[in-house]
Amino acid sequence: MSTLGTAIERVEDAALLMGRGRYIDDMPVAPGTGHAAILRSPHAHARLAGIDTAAAVALPGVHAVVTGEDARAWSTPFIVSVRQPMEHWCIATDRVRYAGEPVAIVVAEDRYRAEDALALIDVRYEPLEAIVDPEATLEADAPVLHEAVGSNLISERMFRYGEPEAAFEAAVHTVATTVRYPRNSCTPIECLGLIAAYDPGEDAYDVLSHFQGPLTLHPVMARALKVPGPRFRLRSVPDSGGSFGVKQAVFPYIVAMALAARKAARPVKWIEDRLEHLLAANAATNRVTRIEAAVDADGRVTALSLDQLEDCGAYLRAPEPATLYRNHGNLTGPYGIPHLGVRNRVVVTNKTPTGLNRGFGGPQLYYALERLMQRIAATLGLDPLEVIRRNLVPADAMPYRAAAGAVLDAGDFPATVNFGAAEGALDALRAKRDAARAEGRLYGIGFAAAVESSISNMGYITTVLSAEERRKAGPKDGAVSHATVAVDPLGAVTVTADSIPQGQGHRTVLAQVVGDALGLAPEQITVALEHDTQRDPWSIAAGNYSSRFSGAVAGTAHLAAVRVREHLARIASQQLNARPEDVRFENGRIFAAGNPGNDLDFRRVASLVHWSPGSLPEGVPPALRETARWTPPQLTPPDDDDRINNSAAYSFIFDFCGVEVDRATGAVAIDRYVTTHDTGRRLNPALVDGQIRGAFAHAVGAAFYEELSYTEDGSFLSGTLADYLVPTACEVPDPLILHRDIPTPATPLGAKGVGEGNCMTTPVCLANAVADALGAESLDLPLTPARIGALIYGPEDAQPAASDTE
């Protein structure tokens with residue numbers, strides 16, 4: 001009996017629950033391995049006038065001190081995605097541009113000595129004026145971070161789809177709002193870490209880490225180390241303590257520690273601590289968006305205008321500006337809006353460089369879009385849900401080509417909204433709001449709808465370039481996945497794939513997928529996902545990001561398993577006197593469809609490919625091992641009009657919630673939260689719901705608690721978990737999760753992505769509920785009690801200056 005589509009327990013959990021997980025800090029190291037510590041800049045912007053490392057080098061137990069001079073000697077700056085002369089080295093060379101930027105690395109016998117040696121390094125800084133506000137960084141007198149660039153504006157592009165000017169001219173109403181999405185991060189429980197080694201004989205590097213991909217960054221790292229790809233071996237660990245995109249940001253440290261291993265002439269281990277992680281690991285982009293809609297009298301939106309200002313921190317660190325462009329093709333969300341105008345600007349500030357965080361790009365986009373939809377309803381005196389309904393792409397338009405190029409593959413958005421509202425008891429929630437307001441309480445209901453993109457088109461980032469620049473650079477597109485299914489001499493089955501799991505349960509699902517194809521129980525399938533770039537097949541799309549697993553990786557494993565099944569069916573058909581297409585696989589047995597009593601043991605048939613290759617039918621390979629490769633054919637490069645289908649599949653999400661605001665304290669309590677999903681075919685419903693709950697928890701943090709804060713001079717204010725608040729189980733209610741699934745034809749198994757969507761919908765859904773409760777027009781995250789109190793009572797008066805007599 002197949003388990004695919006059922007909620008079986010995770011095969012990963014037994015080892016983890018018994019404390020036998022194998023994380024980066026658990027991995028064995030070679031004798032003589034050094035331990036690294038990083039000296040980081042206390043300044044957000046300063047010129048490096050000199051570094052004296054003599055005292056640190058002289059400390060007993062210190063093996064090496066690495067500085068920017070070594071980086072210049074043995075590496076090159078990281079390449080960037082735009083045509084700008086920006087230099088980003090793995091270690092600062094002449095200037096530091098954010099608080100926490102690496103200035104030196106000490107390698108010693110142990111971490112304690114390395115930390116002691118850091119205090120002995122004398123760095124002479126010449127402080128420079130810093131800038132942290134993305135709007136202020138464009139002012140004429142703002143300090144310039146990269147003199148060779150000459151400006152803090154790194155990229156500016158204008159896009160026009162349809163006839164937005166005419167639509168605005170003809171509009172009955174125009175409604176606009178400006179939102180500022182803050183910096184935050186997903187704070188995995190395990191920080192960054194790696195073990196690096198250098199082989200001088202081969203001039204080659206070997207790095208073990210929990211880097212999650214995308215492996216587009218492998219050539220970036222190899223190029224920075226000045227070696228060809230095969231001489232940069234990147235291996236993954238068996239277990240990772242979460243990532244949510246963040247561990248993509250280990251790649252600059254991979255290069256830095258590879259140089260440290262080279263200078264120290266020994267392997268080097270580095271484990272990041274929490275203070276370092278909050279200060280300098282990674283952050284989601286903060287974005288300022290002015291969004292305007294052309295609206296008919298009945299609330300139908302005919303055109304959108306977006307002006308997006310993206311703050312990527314001190315450097316445009318690969319794959320940025322991916323956060324800004326990941327959703328470019330679906331900027332109109334789930335709505336059938338035919339006309340679109342876009343201005344995209346990317347700026348640098350004296351803050352930590354940004355990178356992937358759960359849902360990257362989606363939270364910023366949908367906070368603006370869904371706040372606008374709520375403002376349209378308020379301006380026109382309409383029900384916010386009715387405005388959403390009137391603008392959704394209808395089911396009979398699927399597949400729907402959005403204005404900027406996304407192909408929404410499958411779904412019935414209006415029916416899913418109706419289902420969610422009915423099953424989630426929206427009418428009862430509205431009655432509760434009316435009763436609360438009658439008592440003078442501040443109670444509001446919020447709504448949000450979104451499409452969740454999955455399986456990224458590797459060409460979407462090139463939309464930052466003009467069509468002419470793209471023609472010169474050559475086409476980039478697709479999203480190649482690899483999976484291998486092998487049968488050993490005893491008939492046992494092993495699966496490998498090019499995903500690098502970070503705790504989601506990939507081994508469980510792949511065992512279900514392959515077991516379903518071969519008629520085996522999941523426990524009969526061995527799944528090995530420790531990836532090695534020297535031994536395992538991979539492409540630049542490999543890794544664990546952009547919700548690619550269910551649709552792409554699991555689908556490709558299914559294709560490989562089907563090929564194995566076809567070969568085995570041909571072998572068994574000779575013994576069963578049946579046609580190969582009539583052979584069935586079930587419960588470890590192989591039989592003909594019309595004669596199930598005459599069956600064969602799967603292991604016995606499978607072992608023939610090893611023990612008796614001479615008896616195999618023509619065309620059946622010996623030592624059976626099938627590697628499938630798949631890329632979505634609909635993922636093509638951006639066209640000359642800058643239209644891009646940025647993802648292979650698009651899930652649909654509809655959320656609504658009820659919140660109550662405490663008038664005295666400004667605290668917000670979530671009374672009820674309902675989230676409805678169309679994720680296509682659910683391969684393991686329990687894991688799907690787990691991903692939804694995880695994204696919801698992250699989103700509650702983004703809505704109410706989390707912000708990476710800086711002073712005007714770039715000093716970091718969120719350096720501990722007492723300053724950077726993350727929600728615990730006590731602050732995260734259990735949402736009601738509903739499903740209305742429509743499988744997609746865009747992936748081999750009909751699965752779409754899941755696990756990022758609530759990071760896109762939940763913050764704005766909660767904000768819309770607060771706006772409904774307070775009648776507020778403008779809300780910026782996080783919705784802290786202080787901010788809510790200012791909306792209720794007005795901003796606090798400035799503290800009076802102390803008098804001379806006090």
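Student: What makes us call helix H6 (residues 217–224) mostly covered?

Tutor: Six of the eight residues in H6 are buried, where buried means under 20% relative accessible area, exposed over 50% and partly exposed in between, with a 1.4 Å probe and protein chains only. The buried ones are Leu217, His218, Val220, Met221, Ala222 and Ala224. Before we go on, this is a predicted model, in which local features need pLDDT of at least 70 and side-chain atom pairs count only at pLDDT 80 or more, while totals for chains, interfaces and linings use all residues. Residues are numbered from 1 along each chain as its sequence is written, and side-chain values use heavy atoms, with hydrogens and water left out.

Student: Which elements do the buried residues of H6 pack against?

Tutor: They pack against helix H3 (68–74), E11 and H7. These labels come from DSSP runs numbered from the N terminus: helices are H or I with at least four residues, strands are E with at least two. Just after H6, look for lysine 226, which has a positive phi of about 60 degrees.

Student: Where is glutamine 248, and why is it called buried?

Tutor: Glutamine 248 sits in the loop between strand E11 (232–236) and helix H7 (251–264). Its relative accessible area is 0%, so it counts as buried.

Student: What makes the pairing of glutamine 248 with alanine 318 a polar contact?

Tutor: A polar atom of the glutamine 248 side chain lies 3.1 Å from the backbone oxygen of alanine 318. A polar contact is a pair of N or O atoms within 3.5 Å; within protein, one must be able to donate a hydrogen and the other to accept it, and residues adjacent in sequence count only if both atoms are side-chain atoms. The backbone nitrogen of leucine 356 also lies 3.1 Å from a polar atom of that side chain.

Student: How do you know which residues isoleucine 291 is in contact with?

Tutor: Contact means heavy atoms within 4.5 Å. Setting aside neighbours within four places in sequence, isoleucine 291 has contacts that include Val175, Ala176, Leu304 and Leu369. The C-alpha atoms of isoleucine 291 and alanine 176 are 5.6 Å apart, although 115 residues separate them along the chain. Isoleucine 291 belongs to strand E13 (residues 286–295), and its relative accessibility is 0%, so it is buried.

Student: Why is arginine 433 called buried?

Tutor: Its relative accessible area is 15%, so arginine 433 falls in the buried class. You will find it in helix H13 (residues 426–438). Leaving out residues up to four places away in sequence, arginine 433 touches Tyr443, Gly444, Ile445 and Asp772.

Student: And why does proline 727 count as buried?

Tutor: Proline 727 has 17% relative accessibility, so the term applies to it too. Its loop lies between helix H18 (685–704) and strand E28 (736–739). Among the residues proline 727 touches are Ala697, Gly701 and Tyr705.

Student: Now the whole chain: how many helices and strands are there, and why is the protein called as compact as a globular protein of its length?

Tutor: There are 20 helices and 28 strands. The radius of gyration is 28 Å, close to the 28 Å that the globule rule gives for 806 residues, so the comparison holds. That radius is taken over C-alpha atoms, and the rule is 2.2 Å times the number of residues to the power 0.38. Buried residues make up 60% of the 806.
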